[in-house]
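Thanks for coming, everyone. I would like to take a few minutes on the ligand site in this model, and then on some backbone details away from it.

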Amino acid sequence: MMLAPDLLHQIYMNAKTTSSTGPSPSSRAVPIGIDAIAFAVPRAYVELSDLATARGVPPAKYIEGLGNVQMAVAAPDEDPVTLATEAASRLLSGAGRSPDKIGLCIVGTETAVDHSKPIASYLHGMLGLPRACRVFETKHACFGGTAGLFNALDWIASGSARGRSALIVCTDIARYPLRSPGEPTQGGGAVAMLVSERPRLVELDPGRSGCYSQHVHDFWRPLHRKDALVDGQFSVQCYLEALSGAYEEWRQLMGPEAASSDDPLVRTCYHVPYGKMARKAHQRRCQLDGLDEKTAEERFAIEVAPSLRLPSQVGNIYTGSLYLSLLSLLSAEAEELAGKRIGLFSYGSGCAAEFFAGRVGPHAAALLQAMDVTAPLRNRQRLSIPEYEALRQRDADQDQRPAPPSAVTPSDATAAGQRALYCGIDPQERRVYTWQ
Ligand code: CAA
């Protein structure tokens, strides 16, 4: 049975008030959304000006042409599991939430480490999450994290949460062949979000999101490959087409509210494979709103640029990219955005996209400041291009590396404020992690 959008929205707004013992009999509007957010990046990075020089390209092509300045580079002991674990443990300790209160743990990724065992399962062990917890992984290229987020919103709205929170982690390492056009857009990192009732950061409006999907081959990674394959210029067209479709559906669902000058979308965060893509996206949206190019450029500087600062220092992180852009925006402007509406656009190649909106919480700025959210970008190690290329070579052999006998399995490990590291595989080809 299809539910009318207004009815669906009503159901979300009337999500049951819950307690740790189950849904309360009284029903009233309870906001749901992102309560806290944190991220993690690899320890090392490359300056794109160094990469440009090594590739014989003017640095302006990467820095202005693509809009990025640095790219994160993972070491052999860092992988999507360690990044997810670090982001999630920073989240729980920074937000003052106990792992005991997590009832759903979803990891969105397009760089899974196993065809069967989800990263969420490793994370569950590394963090010591409760046994009474639903744990799984979601995939649709860069859209996988958003699929997890909407699943969490439904879980809360249905009453299944019973006062608990959902932990949604987006984790990926973005890799293209060396010297390919995609190389300067590489990156790696994880973003972890707590999703709950009465969220402190962003109240979401999940019953009214615009969707777009189409079967296209703009970007893919066959099971045997570590590097992604991409039809670069076509992928840009697919992204823009998906944005148009999702945004137009969102505008229809919102009706006159979409264009309301009393309560406009004052900022928009996009999926950011590289900064210029977000700029093209905002131009497309302004075009759909009937604005001219000059106005679109002026709006980009105010409405989008603050969300691109962190992504430009990390590169593409696939599933986490939209949420790093959100974190970038909020870490810069949460105070002045308190109570205001922002737009969010998620794109996953292949393709699936969603445009939705949320409202920034009144205490978001104080929470992010207390969490010191940008700390992961301090004290990173700058790699020379020969060092980066040597790491890529070692990475090619990573999955064959035997784990040292002293390493422990995740379920034996405890965090104690330490960093998770990948050790290698044991004789049964199980991945082994430790804390350092
Ligand atoms: N100074 C300033 N700008 C310069 C320049 C210079 N010296 N030389 C070139 N440029 C500009 C170009 O004008 C161009 O800008 P516009 O797009 O505004 O015209 C920009 O630099 C890029 O240059 P090219 O058009 O020559 O493109 P490229 O060969 O560098 O490839 C790319 C660009 C296709 C995005 C490539 O980096 C790529 O394949 N990336 C991976 C795929 C990707 O990120 N796709 C995005 C959409 S799909 C998605 O979003 C999912 C995902 O996460 C992968």
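Before the contacts, a definition: I call a pair of N or O atoms a polar contact if they lie within 3.5 Å, and within protein one must be able to donate a hydrogen and the other to accept it, with residues adjacent in sequence counting only if both atoms are side-chain atoms. By way of provenance, this is a predicted model, in which local features need pLDDT of at least 70 and side-chain atom pairs count only at pLDDT 80 or more, while totals for chains, interfaces and linings use all residues. Residues are numbered from 1 along each chain as its sequence is written, and side-chain values use heavy atoms, with hydrogens and water left out.

With that in place, a polar side-chain atom of Gln233 is 3.4 Å from an oxygen atom of the ligand. For His271, the distance from a side-chain N or O atom to a ligand oxygen is 2.8 Å, and for Asn316 the corresponding distance is 2.9 Å. Of the 1100 Å² of accessible area that the ligand has on its own, the protein covers 73% (areas by the Shrake-Rupley method with a 1.4 Å probe).

Which residues are closest to the ligand? Of the 23 that surround it, they are Pro181, Ser235, His271, Lys276 and Lys280, where being near requires a heavy atom within 4 Å. By class, this shell has 11 nonpolar, nine polar and three charged residues, with Asp, Glu, Lys and Arg counted as charged, Ala, Val, Leu, Ile, Met, Phe, Trp, Tyr, Cys and Pro as nonpolar, and the others, Gly among them, as polar.

Helix H7 gives the largest share of the shell, four residues; helices here are DSSP runs of H or I with at least four residues, strands are E runs of at least two, and both are numbered from the N terminus. The 23 residues of H7 should span 33 Å at 1.5 Å a residue, and the end C-alpha atoms are 33 Å apart, so the two values agree; the expected span is 1.5 Å times one less than the number of residues. Just after H7, Gly255 takes a positive phi of about 65°.

Elsewhere, Asp372, in the loop between helix H12 (364-371) and strand E17 (381-382), has a positive phi near 50° although it is not a glycine.
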